[in-house]
Amino acid sequence: MTSSLAQRTALITGAGSGLGAALARNLFDAGARVVLADLAADKAKAVAAQIDPEGQRTLAIACDVSQPEAVQAAVRQCSEHFGGLDVLVNNAGTDVTIDLEQLSIEDWDRVLATNLRGPFLLSKAALPALRKGDDGRGGHIVNIASTASRRAWANASAYHASKWGLVGLSQALYAELRSQGIRVSSVIVGGMKTPFLLERFKDIDTSKLQDPANVAHAVRFVLTMPRESIVPEIMVLPLHESSWP
């Protein structure tokens with residue numbers, strides 16, 4: 001029997017646009033209570049207002065995932081508003097496309113802080129709540145990785161390092177936390193029609209990108225697997241993958 005997301009609480013980072021917004025919409029439609037966290041709180045609030053005009057099963061909050069105090073506050077708000085936390089989706093991400101010689105230390109630190117330090121901080125802060133999640137059986141962490149964790153292309157060294165590291169973190173937490181009932185999955189995602197690509201690469205061939213709603217559907221599948229099973233890793237690509245040369 002598949003697991004239900006009805007009356008479960010999911011915290012999604014980077015929920016103000018792109019895949020995060022698609023995830024919020026999908027999990028809300030599945031019956032979940034959704035906390036939309038984003039660096040830009042106004043964007044998270046706009047998405048929440050679209051999917052839940054009455055505001056009964058959503059909460060939009062500001063959160064800088066690179067800051068320990070901010071992620072602790074986000075987890076605390078989940079518990080105070082909805083009474084607990086069952087699902088954590090580490091989706092927030094950033095990139096800088098530049099060669100090594102021009103890549104600044106500040107940009108390197110910013111990308112790693114968002115894409116790798118953030119999931120670490122959130123997983124650590126959410127651990128007590130996740131132990132109690134899913135009626136005490138244990139919650140679920142989903143880390144959104146990228147094809148950049150499988151292959152490499154030029155001028156994206158910080159992004160590659162962060163996403164390879166995120167898959168490693170996922171596998172380590174999967175092995176460490178399953179004895180506590182907490183499931184950990186990584187979702188390796190190919191190119192999507194999201195601002196992350198569309199705003200940076202104006203000439204990209206959108207016919208070879210996938211709808212983020214498709215990826216959100218795959219995440220929902222992972223989250224609703226029967227409890228005795230786990231999908232530790234899944235890859236979701238557009239049919240004609242174009243996210244690398």
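User: Is Glu101 buried or exposed?

Analyst: The model is a predicted one. Glu101 has a relative accessible area of 79%, and a residue counts as exposed over 50%, so Glu101 is exposed. Glu101 belongs to the loop between E4 and helix H4 (105-136). Between the C-alpha atoms of Glu101 and Gln67 there are 28 Å in space, with 34 residues of separation in sequence.

User: Where does Lys193 lie, and which residues is it in contact with beyond its neighbours within four places in sequence?

Analyst: Lys193 is found in the loop between strand E6 (183-189) and helix H6 (195-198). With a relative accessibility of 42%, Lys193 counts as partly exposed. Beyond the neighbours within four places in sequence, Lys193 is in contact with Leu198, Thr206, Leu209, Gln210 and Pro212. A separation in sequence should be read together with the one in space: Lys193 and Leu19 are 174 residues apart in sequence, while their C-alpha atoms are 9.0 Å apart.

User: How should I read the sheet, and what is the order of its strands?

Analyst: Strands of a sheet pair through backbone hydrogen bonds, in either a parallel or an antiparallel sense. Here, seven strands form an open sheet with parallel pairing, in the order E3-E2-E1-E4-E5-E6-E7. The edges are strand E3 (58-62) and strand E7 (233-236); each has a single partner strand, so one side of each lacks a neighbour in the sheet. From one strand to the next, the twist averages 15 degrees.

User: Which bridge partners can I look for in the parallel pairs?

Analyst: Strand E2 (residues 33-38) pairs with E3 over five bridges in the parallel sense, and Val35 has Leu59 of E3 as its bridge partner. Strand E4 (residues 87-90) is paired with E5 in the parallel sense over four bridges; there, Val87 is partnered by His140 of E5. E6 and E7 are likewise joined in the parallel sense by four bridges, and the partner of Val189 in E7 is Val236.

User: Which side chains of E7 are buried, and how is E5 covered?

Analyst: In a regular strand the side chains alternate between the two faces of the sheet. In strand E5 (residues 140-146), seven of the seven residues are buried, so E5 is largely enclosed by the rest of the structure. Both of its faces are covered, with His140, Val142, Ile144 and Ser146 buried on one side and Ile141, Asn143 and Ala145 buried on the other.

User: Which strands does H4 touch?

Analyst: H4 packs on the sheet and touches strand E1 (9-13), E4 and E5. The direction of H4 makes about 180 degrees with that of E4.

User: At what angle do H1 and H2 cross, and which residues meet there?

Analyst: Two packed helices are described by the angle and the distance between their axes. The axes of helix H1 (residues 18-29) and helix H2 (residues 41-51) cross at roughly 30 degrees and come within 10 Å. H1 is therefore roughly parallel to H2, and their crossing is right-handed. From H1, Ala21, Ala24, Arg25 and Phe28 meet Val47, Gln50 and Ile51 of H2. The residues of this contact comprise five nonpolar, one polar and one charged.

How values were computed. Residues numbered from 1 in each chain as written. Predicted model: local features only at pLDDT ≥ 70, side-chain atom pairs only at ≥ 80, totals over all residues. Heavy atoms only, no water. Axes fitted to C-alpha atoms, helices over the stretch in contact; angles between N-to-C directions. Helix = DSSP H or I, 4+ residues; strand = E, 2+ residues; numbered from the N terminus. Parallel < 35°, antiparallel > 145°, perpendicular 65-115°, else oblique. Left-handed = near helix turned anticlockwise from the far one by under 90°. Contact = heavy atoms within 4.5 Å. Nonpolar A, V, L, I, M, F, W, Y, C, P; charged D, E, K, R; others polar. Buried < 20%, exposed > 50% of the residue type's maximum accessible area, 1.4 Å probe, protein only. Pairing = 2+ DSSP bridges.
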